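Here are my notes from a pass through the model you sent over. Have it open while you read.

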Amino acid sequence: MSFPILVCDDSMVARKQVVRCLKAYEDFEIHQATNGKEALAILAQQEVGLLCLDLTMPELDGIGVLEYIREHKMECFVVVISADIQPEMKQRVMSLDALTFLEKPVSPAQFHETLHKFGIK
């Protein structure tokens with residue numbers, strides 16, 4: 001059975017980078033969204049085990065997605081991957097139940113370590 005992952009970032013380059021990190025795992029089913037609204041629509045339609053989420057996006061940002069997930073008690077691990085590395089933003093993300101915060105560009109080794117750390121792979 002495949003593990004569903006959603007990669008949400010308005011940058012196609014950033015999405016491709018994360019998808020490349022995930023391609024090492026054959027049993028991952030990878031979906032993509034270009035903004036928070038698309039991500040929430042996918043989360044409403046299907047089960048997602050892991051959401052890789054950018055913060056700065058049009059229409060609905062990553063904080064809005066995290067708040068929605070929390071408010072609606074959706075079951076989903078979230079790893080935030082963002083260039084917004086302000087300590088206050090990192091704190092906010094963690095207070096909204098993200099597993100961790102990774103800085104862009106994320107290295108494959110760091111991403112794989114994160115998956116192992118949280119028992120995702």
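1. Ground rules. This is a predicted model, so to speak of local features pLDDT has to be at least 70, side-chain atom pairs count only at pLDDT 80 or more, and totals for chains, interfaces and linings use all residues. Residues are numbered from 1 along each chain as its sequence is written, and side-chain values use heavy atoms, with hydrogens and water left out.

2. Helix 1. Helices here are DSSP runs of H or I with at least four residues, strands are runs of E with at least two, and both are numbered from the N terminus. Helix 1 covers residues 12-22, and its buried residues are Ala-14, Arg-15, Val-18, Val-19, Cys-21 and Leu-22. Seen down the axis, these buried residues fall within an arc of 155 degrees, so they line one face of helix 1. Buried means under 20% relative accessible area, exposed means over 50%, and partly exposed is in between, with a 1.4 Å probe and protein chains only. The arc is taken from the directions that run from the helix axis to the C-beta atoms. Val-13 and Arg-20 are exposed on the other side of helix 1.

3. What helix 1 packs against. Contact means heavy atoms within 4.5 Å. The buried residues of helix 1 pack against strand 1 (3-8), strand 2 (28-33), strand 3 (50-53), strand 4 (77-82) and helix 5 (108-117).

4. Helix 5. Which residues of helix 5 are buried? They are Phe-111, His-112, Thr-114 and Leu-115. These cover an arc of only 155 degrees around the axis, which puts them on the same side of helix 5. The face turned away from that buried side carries the exposed residues Ala-109, Glu-113 and Lys-117. As for partners, the buried residues of helix 5 pack against helix 1, strand 2, strand 3, strand 4 and strand 5. Just after helix 5, Gly-119 takes a positive phi of about 70 degrees.

5. Cysteines. With a disulfide defined as a pair of cysteine sulfur atoms within 2.5 Å, the count comes to 0 disulfides. Cys-21 counts as buried at 3% relative accessibility, and Cys-76 is buried at 18%.

6. Aromatics. Rings of Phe, Tyr and Trp (its six-membered ring) pair if their centres lie within 6.5 Å; planes under 30 degrees apart are stacked, over 60 edge-to-face, and the rest tilted. That gives 1 aromatic pair. Phe-3 and Phe-28 form this tilted pair, 5.7 Å centre to centre with 45 degrees between the planes. The pair links distant parts of the chain, with Phe-3 in strand 1 and Phe-28 in strand 2, 25 residues apart. Phe-3 is partly exposed at 24% relative accessibility, while Phe-28 is buried at 9%.

7. Two threonines. Thr-100 sits in strand 5 (residues 100-103) and is buried, with a relative accessible area of 16%. Leaving out residues up to four places away in sequence, Thr-100 touches Val-78, Val-79, Val-80, Met-94, Thr-114 and Phe-118. Thr-56 lies in the loop between strand 3 and helix 3 (62-71) and is exposed at 55% relative accessibility.
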